[in-house]
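Hello,

Here is the model for your files. Please open it alongside the notes below.

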Amino acid sequence: MAKRKVIRPKERKTELQIAFGKVVRSMRLEKKLSQEELAALADLHFTYVSSVERGERNISIENIAKLAMALGCQLRDLMPII
């Protein structure tokens with residue numbers, strides 16, 4: 001019987017997750033915030049913000065709203081056009 005390949009979360013990045021992460025990173029850098037600063041403003045852990053920016057998280061709408069508030073933008077501003 002063939003072995004089933006185990007897919008780890010980092011290997012499940014979708015095009016949308018990667019694009020969303022790029023938008024968040026771009027806006028964070030535009031605001032001259034570190035990942036730690038953005039995480040603190042959004043009440044999230046900095047490793048979570050880092051994994052979002054790398055496209056490794058399928059982020060919830062609640063956390064998207066937290067990031068938007070922390071970045072001073074609307075939710076729609078974080079949505080990538082792909």
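Below is what came out of it, from the whole chain down to one residue.

This is a predicted model: local features need pLDDT of at least 70, side-chain atom pairs count only at pLDDT 80 or more, and totals for chains, interfaces and linings use all residues. Numbering starts from 1 along each chain as its sequence is written, and side-chain values use heavy atoms, without hydrogens or water.

Whole chain. There are four helices and zero strands. Helices (H or I, at least four residues) and strands (E, at least two) are DSSP runs, numbered from the N terminus. Of the 82 residues, 38% are buried, meaning under 20% relative accessible area with a 1.4 Å probe, protein chains only. Take the contacts (heavy atoms within 4.5 Å) with a separation of 6 or more: 55% join residues 24 or more positions apart.

Helix H1. H1 covers residues 15-30. Its 16 residues should span 22 Å at 1.5 Å a residue, and the end C-alpha atoms are 23 Å apart, which agrees. That expected span is 1.5 Å times one less than the number of residues. Buried residues of H1 include Phe-20, Val-23, Val-24 and Met-27. The buried residues of H1 pack against H2 (35-42), H3 (46-53) and H4 (61-71). Just after H1, Lys-32 has a positive phi of about 60°.

Ala-39. This residue sits in H2. Is Ala-39 buried or exposed? Ala-39 is buried, at 1% relative accessible area. Beyond residues up to four places away in sequence, Ala-39 touches Leu-44, His-45, Phe-46 and Val-49.

Best wishes

How values were computed
Buried < 20%, exposed > 50% of the residue type's maximum accessible area, 1.4 Å probe, protein only.
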